[in-house]
Amino acid sequence: MRHLNVSLIGIDQGNVEVFSEFADGGDMWTGRGARERRKAVRFSEPFRTPPTVQVSLSMWDMDQSANARADLLADNITETGFDLVFRTWSDTRVARVRMSWLAIGELPSEDDWQLY
């Protein structure tokens with residue numbers, strides 16, 4: 001459980017195409033090579049501390065001839081952004097993926113002191 005001890009709480013959200021590889025025969029579609037894709041996301045304004053980030057699939061286009069396998073996560077979360085990560089493995093072939101995200105965290109206050 002994360003406890004927030006501020007009066008300013010920010011919520012930011014987005015929907016991002018992580019990759020589209022069916023047209024050009026990319027590794028995700030052919031099932032060979034790198035099976036992970038990352039997409040950097042920047043928040044619309046910085047949080048005071050790294051927020052909690054939830055990610056989900058909002059669209060996926062998978063080949064129906066194999067099992068659909070996916071691992072989704074938010075990685076490298078900072079006050080200013082994070083990496084959306086999509087991974088698959090084995091014989092799964094993925095044409096394209098879009099992911100949604102939601103970040104909730106503390107916002108800076110004008111009463112915060114900056115010591116240098």
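Which residue is the bridge partner of Thr 52 in S6? The partner is Ile 104. This is a predicted model, in which local features need pLDDT of at least 70 and side-chain atom pairs count only at pLDDT 80 or more, while totals for chains, interfaces and linings use all residues. Residues are numbered from 1 along each chain as its sequence is written, and side-chain values use heavy atoms, with hydrogens and water left out. Strands, here and below, are DSSP runs of E with at least two residues, numbered from the N terminus.

**Sheet S1-S6-S3**

- Three strands form an open sheet in the order S1-S6-S3, and their pairing is antiparallel; two strands pair if DSSP finds at least two bridges between them.
- S1 and strand S3 (52-62) are the edge strands, each pairing on one side only.
- On average, neighbouring strands of this sheet are turned by 15 degrees against each other, direction ignored; the axes are lines fitted to C-alpha atoms, and angles run from 0 to 180 degrees between N-to-C directions.
- The antiparallel pairing of S3 and S6 extends over 10 bridges.

**Nonpolar patch**

- Leu 4, Ile 9, Ile 11, Leu 102 and Ile 104 make a nonpolar surface patch of about 400 Å².
- Such patches consist of residues with over 30% relative accessible area and no salt bridge, with nonpolar side chains (Val, Leu, Ile, Met, Phe, Trp, Tyr) joined within 5 Å.
- Accessible areas come from the Shrake-Rupley method with a 1.4 Å probe, and for residues only the protein chains shown count as cover.
- At least two residues of the nonpolar patch come from each of strand S1 (9-20) and strand S6 (94-106).
- Ile 9 belongs to strand S1 and counts as partly exposed because its relative accessibility is 47%; buried means under 20% relative accessible area, exposed over 50%, and partly exposed in between.

**Sheet S2-S5-S4**

- A further open sheet of 3 strands runs in the order S2-S5-S4, with antiparallel pairing.
- S2 and S4 each have a single partner strand, so one side of each of these edge strands has no neighbour in the sheet.
- Neighbouring strands here are turned by 20 degrees against each other on average, direction ignored.
- S2 and S5 pair in the antiparallel sense over 7 bridges, and the bridge partner of Arg 42 in S5 is Gly 81.

**Salt bridges**

- The structure holds 10 salt bridges, each defined as a side-chain nitrogen of Lys or Arg within 4 Å of a carboxyl oxygen of Asp or Glu.
- Asp 75 forms a salt bridge with Arg 38, and their closest N and O atoms are 2.9 Å apart.
- This pair links distant parts of the chain, with Asp 75 in strand S4 (residues 71-75) and Arg 38 in strand S2 (residues 36-42), 37 residues apart.
- Asp 75 is partly exposed at a relative accessible area of 23%, and Arg 38 is partly exposed at 38%.
- Asp 83 also forms a salt bridge with Arg 38, the closest N and O atoms being 3.5 Å apart.
- Because Asp 83 lies in strand S5 (residues 81-87) and Arg 38 in strand S2, the pair ties together parts that are 45 residues apart in sequence.
- Asp 83 is buried, with a relative accessible area of 17%.
- A network of salt bridges links Glu 36, Arg 38, Asp 71, Asp 75, Asp 83 and Arg 87.
- Arg 93 forms a salt bridge with Asp 63, with the closest N and O atoms 2.8 Å apart.
- Arg 93 lies in the loop between S5 and S6 and Asp 63 in the loop between S3 and S4, so the pair ties together parts 30 residues apart in sequence.
- Arg 93 is partly exposed at 26% relative accessible area, whereas Asp 63 is buried at 16%.

Note on methods: Patch = residues over 30% accessible without salt bridge, like charges linked within 9 Å, V, L, I, M, F, W, Y side chains within 5 Å. Helix = DSSP H or I, 4+ residues; strand = E, 2+ residues; numbered from the N terminus. Buried < 20%, exposed > 50% of the residue type's maximum accessible area, 1.4 Å probe, protein only.
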